[in-house]
Amino acid sequence: TMELMLSDIHYGKKTQTFNLDICKQRMQKLTSVFLTEMKAKERQGYNVERFVIALIGDIMESFTMHGTESALSCEFGNARQIQEAIDSLFSDVILPLAQTGVEIVIPAVCGNHDRTDHSKTYNDPGENYMTWVIYNALKRYCSLSNLKNVTFDIPKKNYTTVKIYRDVVL
């Protein structure tokens, strides 16, 4: 089992050294390196039987979370952040990895930036933050693309567990 942990991607964030183009390039490079590592493991005699792509939040930057301060640090608004995250995570990460045929498990939890309001909710944040839309759209893309080797765990809470061999990981 190989794990690719994706956290704090912040689609929509803009600084002097970071924007959408750089973000997508980094995601593509990350996937390329991950596939290279998989091939190296197979050459060493390992049977790579599963990928865990852990989506653990802060997928978007949030144009509105902290008012003007948030808006000033964003390249574009929340709707586009959601759309760009879905497109890039599917095209730049999930699809190339799924095309290997290896089983993929995707635990997908929300982060603290994946909301539109300053106040956090403690009532099912997994379902009430914008990652709910992102993750469920990705799940649907995978289904529509007939990627039978990809499964999602999208909890209503802000945590989940994954069983890796005999161990359960939070």
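Visitor: Which residues does N149 touch, not counting those up to four places away in sequence?

Guide: Contact means heavy atoms within 4.5 Å. By that rule N149 touches A98, G101, V102, E103 and I104, leaving out residues up to four places away in sequence. Before you go on, note that this is a predicted model, where local features need pLDDT of at least 70 and side-chain atom pairs count only at pLDDT 80 or more, while totals for chains, interfaces and linings use all residues. Residues are numbered from 1 along each chain as its sequence is written, and side-chain values use heavy atoms, with hydrogens and water left out.

Visitor: Where is the place of N149?

Guide: Look in the loop between α5 and β4 (150-153); helices (H or I, at least four residues) and strands (E, at least two) are DSSP runs, numbered from the N terminus. The C-alpha atoms of N149 and G101 are separated by 6.6 Å, though the two are 48 residues apart along the chain.

Visitor: Does N149 count as buried or exposed?

Guide: Buried means under 20% relative accessible area, exposed over 50%, and partly exposed in between (1.4 Å probe, protein chains only). N149 has 17% relative accessibility, so it counts as buried.

Visitor: And what is Y11 in contact with, leaving aside neighbours within four places in sequence?

Guide: Quite a list! Beyond those neighbours, the contacts of Y11 include L20, C23, M27, I59, M60 and E61. Q81, E84, A85, S88 and L89 are also among them. Y11 has its place in the loop between β1 (2-6) and α1, and Y11 is buried, with a relative accessible area of 0%.

Visitor: How many aromatic pairs does the count come to?

Guide: Rings of Phe, Tyr and Trp (its six-membered ring) pair if their centres lie within 6.5 Å; planes under 30 degrees apart count as stacked, over 60 as edge-to-face and the rest as tilted. Here the count comes to two aromatic pairs. F34 and F51 have ring centres 5.0 Å apart and planes at 70 degrees, so this pair is edge-to-face. Because F34 lies in helix α1 (residues 20-43) and F51 in strand β2 (residues 50-55), the pair ties together parts that are 17 residues apart in sequence. Both F34 and F51 are buried.

Then take F90 and Y141: their ring centres are 5.2 Å apart and the planes are at 80 degrees, so this pair is edge-to-face. F90 lies in helix α3 (residues 78-98) and Y141 in helix α5 (residues 131-144), so the pair ties together parts 51 residues apart in sequence. F90 counts as buried at 9% relative accessibility, whereas Y141, at 32%, counts as partly exposed.

Visitor: Let's zoom out. How many helices and strands are there in the chain?

Guide: You'll find five helices and six strands. Starting from the N terminus, the elements run β-α-β-α-α-β-α-α-β-β-β. The radius of gyration (over C-alpha atoms) is 16 Å, close to the 15 Å that the globule rule gives for 170 residues, so the chain is as compact as a globular protein of that length. That rule is 2.2 Å times the number of residues to the power 0.38.

Visitor: What percentage of the 170 residues count as buried?

Guide: That comes to 45%. As for the C-alpha trace, its span along the principal axes is about 55 × 35 × 30 Å. Among contacts with a separation of 6 or more, 74% join residues 24 or more positions apart.
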